[in-house]
Amino acid sequence: MSNQAYAPIYEALVEFRRNRVVPFDVPGHKRGRGNPELVKLLGKQCVELDVNSMKPLDNLCHPISVIKEAEDLAAEAFGAAHAFLMVGGTTSAVQTMVLTASKKGEKIILPRNVHRSVINALVVNGATPIYVNPDVDNRLGIALGMKISQVEKAIEENPDAVAILVNNPSYYGICSNLKKIVELAHEHNMLVLVDEAHGTHFYFGDDMPISAMAAGADMSCVSMHKSGGSLTQSSILLTNSTVGPGYVRQVINLTQTTSASYLLLASLDISRRNLALRGKEAFAEVVNMAEYARTEINKIGDYYAYGSELINGDSIYDFDKTKLTVFTLDVGLAGIEVYDLLRDEYDIQMELGDIGNTLAYISIGDRMREIERLVSALYDIRRRFKKDRTGLFDHEYINPSVVMSPQEAFYAPKEEMIPIRETNGRICTEFVMSYPPGIPILAPGERITQEIIDYIIYAKEKGCSMTGPEDPKIEYLNVIKEATIY
Amino acid sequence: MEFWFSELHTENVKLSIKVNKHIFSEENDHNRIDIFESPEYGRVLTADGYIVMTERDEFIYHEMMTHIPMAVHPHPQKILVFGAGDGGVVRELLKYPDVERIDMVEVNVGVVEAAKKYLPFSASGLDDPKVTIYTQNALRYVRHIVGEYDVIIVDSAGFYGPGESLLSREFYGSCYKALKEDGIMVNQHQSPFYAEDRAETQKAHKRIVECFPISRVYQAHIPTYPSGYWLFGYASKKYHPVDDLNAKRWNKLGIETNYYTTNLHKGCFALPAYVEKLLAKVE
């Protein structure tokens with residue numbers, strides 16, 4: 001490693017503050033003087049560093065000095081050819097990947113449980129999604145990784161596809177066989193894009209699942225603000241030598257702000273330095289805490305905190321041991337109920353709760369004493385609330401029928417708020433997503449069938465949490481006008 | 001030369017104690033411990049800059065934490081103590097000949113060692129054969145224990161930092177479970193006087209009311225704690241703290257105290273109106 005102890009943006013900001021430059025530029029709060037309440041809330045130091053791009057601080061739209069150096073150091077730290085600091089969340093990084101790899105009319109292979117930012121990117125560029133059905137664990141009610149056989153089938157049926165996008169790891173820590181997917185894709189001249197939002201630590205910890213760059217993927221986005229410790233909304237896009245950095249920068253600049261926040265950029269710079277210098281020890285400690293919590297939670301009885309034993313060589317090719325997901329149905333409580341109890345009665349905020357599980361996000365900021373609280377709270381919840389187990393909602397994957405690209409559906413004339421029972425045969429213009437297992441039932445441009453209508457009604461009755469449509473109760477759906485149906 | 005220790009009781013109020021000399025200082029994973037000698041209060045123990053106890057007024061705190069539950073419970077034999085690394089609670093407990101076992105869970109072994117060395121007036125009982133010290137996280141120790149103890153005394157150093165988990169629903173729930181059917185739990189409840197401390201008093205009280213069928217608050221005067229006025233929580237599965245006090249039985253034990261009396265016991269549950277009101281808000 002050359003000089004990972006260096007943090008060029010951070011140091012330029014410190015130097016800048018020392019110079020006490022008189023600001024006749026934006027932002028108009030002028031080091032906070034014009035907005036004392038903001039200074040009171042955020043602190044003087046923080047507000048003073050909220051400055052604009054200028055010569056000594058470089059410019060994110062066209063980095064040539066300190067931002068470029070920070071990106072080079074990040075690329076080195078992550079083992080990538082190039083790294084791009086992102087200030088629009090990992091959403092902007094995911095969208096850049098999709099917009100770089102595909103264009104109008106081209107096909108891109110995706111797992112059905114992609115983040116909605118991917119489909120939104122398809123609305124922007126007009127590419128067509130080819131969905132791969134993710135495997136589902138019916139006991140736990142979670143979507144798993146992509147099976148190799150499914151990827152092979154999708155490639156065979158769509159040899160003209162330009163890219164494959166992989167979620168790796170999933171929210172629940174499930175990894176696909178990334179190396180094999182990269183091999184298959186490259187044999188067929190397809191790029192591999194990895195949504196690695198939950199996998200920043202794969203690049204720094206020991207004994208972690210393989211990272212996208214190490215597996216030879218072409219592009220990947222890492223949510224530095226998740227396991228990397230940077231500020232919310234900051235992220236990094238990584239590319240391999242197979243992708244031209246100049247074009248990627250052009251794509252980024254299509255939608256990126258020209259007033260990138262230096263608080264976010266500095267937080268990326270410092271976090272990268274911290275991970276490069278201390279990531280190995282820090283993530284070993286995170287794994288220790290998660291493994292300890294798993295052991296203790298599994299001692300309580302009825303709860304199941306799952307780990308590496310799930311690995312099946314295909315759709316669970318590897319497991320991210322920093323993830324702590326607890327299956328709660330055998331306590332007689334839904335994951336979301338435990339999630340709510342933990343917050344309301346125990347002052348513990350979990351990352352998510354679905355029908356069967358609740359997930360604790362363990363990171364470099366955690367301490368053993370809070371882990372002990374979580375374990376004891378789960379113990380106490382079981383003591384107080386244990387009931388007979390209710391039936392688990394069985395998910396059946398319904399193969400979507402993609403009639404038009406998300407872009408066409410998005411811009412087509414619509415009929416709004418049609419009662420759901422009357423939508424059979426129509427083309428949906430919005431998302432319908434159900435938790436569990438977090439797989440879209442409908443995406444824009446897909447044909448609504450009686451089977452899908454029945455499923456939505458059934459899932460709602462079973463208490464699944466449904467999101468996506470304009471009507472929050474999902475009694476009505478927006479569809480494309482009759483005359484425009486193909 | 002003037003050498004003063006100061007502790008902020010609020011952003012705008014501080015207590016200063018003149019110091020003769022600094023005796024001990026140690027920083028470990030848990031907190032920073034200091035001991036100094038002062039002309040007015042004798043030896044003073046602080047954790048992260050907050051007074052834990054002083055030689056001069058510790059008797060009030062330790063007697064009130066210990067004798068209130070011990071006088072109500074008809075036959076306390078197995079006692080669990082959390083924190084209490086300075087040994088004051090254990091010293092009081094050892095005055096009861098019928099006590100068979102005192103389990104003490106203090107995560108910070110540094111406090112115990114320092115107390116034995118520099119605070120012998122309070123740590124005298126820590127080496128008694130009835131006492132077992134467990135150096136581990138309180139929650140981890142207690143969550144698997146069912147129906148084991150007669151009395152649990154929660155002597156947390158404070159509600160911020162390491163002591164925070166002793167203010168949680170899961171902790172009180174675990175203590176409830178670890179007590180026998182007629183068990184009693186006592187904990188410190190902060191001072192109700194200053195706004196920030198008051199929020200903690202209410203939080204502690206709310207959590208305990210949710211866990212125990214009987215829950216009352218009592219008070220004492222402690223000069224070196226914020227506002228000099230301190231509350232404690234009494235929680236029980238069975239015994240009322242005043243109605244079930246058998247003063248005769250306790251007085252027959254002939255235990256010598258400097259603050260606690262059975263008369264004071266009956267009186268200390270009578271609270272000022274503003275305290276009653278702030279507690280009622282969370283009941």
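A nonpolar core here is a set of buried Ala, Val, Leu, Ile, Met, Phe, Trp, Tyr and Cys residues joined through C-beta atoms within 7 Å, where buried means that 20 or more other C-beta atoms, placed from the backbone, lie within 10 Å of a residue's own. The views show a predicted model, in which local features need pLDDT of at least 70, side-chain atom pairs count only at pLDDT 80 or more, and totals for chains, interfaces and linings use all residues. Residues are numbered from 1 along each chain as its sequence is written, while chains are lettered from A and ligands numbered from 1 in the order in which they are written.

**View 1. The nonpolar cores.** Within the largest core, of 147 residues, Ile236(A) and Leu265(A) touch the most other members. Helix H10 (residues 262-300) of chain A gives the most to this core, 14 residues (helices are DSSP runs of H or I, at least four residues, and strands of E, at least two, numbered from the N terminus). A second, separate core holds 73 residues, among them Ile35(B) and Val107(B).

**View 2. An open sheet in chain A.** Seven strands run in the order S1-S10-S9-S8-S6-S2-S3, with mixed pairing (two strands pair if DSSP finds at least two bridges between them). Strands S1 (82-86) and S3 (128-132) stand at the edges with a single partner strand each, so one side of each lacks a neighbour in the sheet.

**View 3. Strands S2 and S6 of chain A.** S2 (residues 107-111) and S6 (residues 163-167) pair in the parallel sense over 2 bridges. Here Ile108(A) sits opposite Ala163(A) of S6(A).

Notes. A residue is buried if 20 or more other C-beta atoms lie within 10 Å of its own, exposed if 12 or fewer, and partly exposed in between; C-beta atoms are placed from the backbone.
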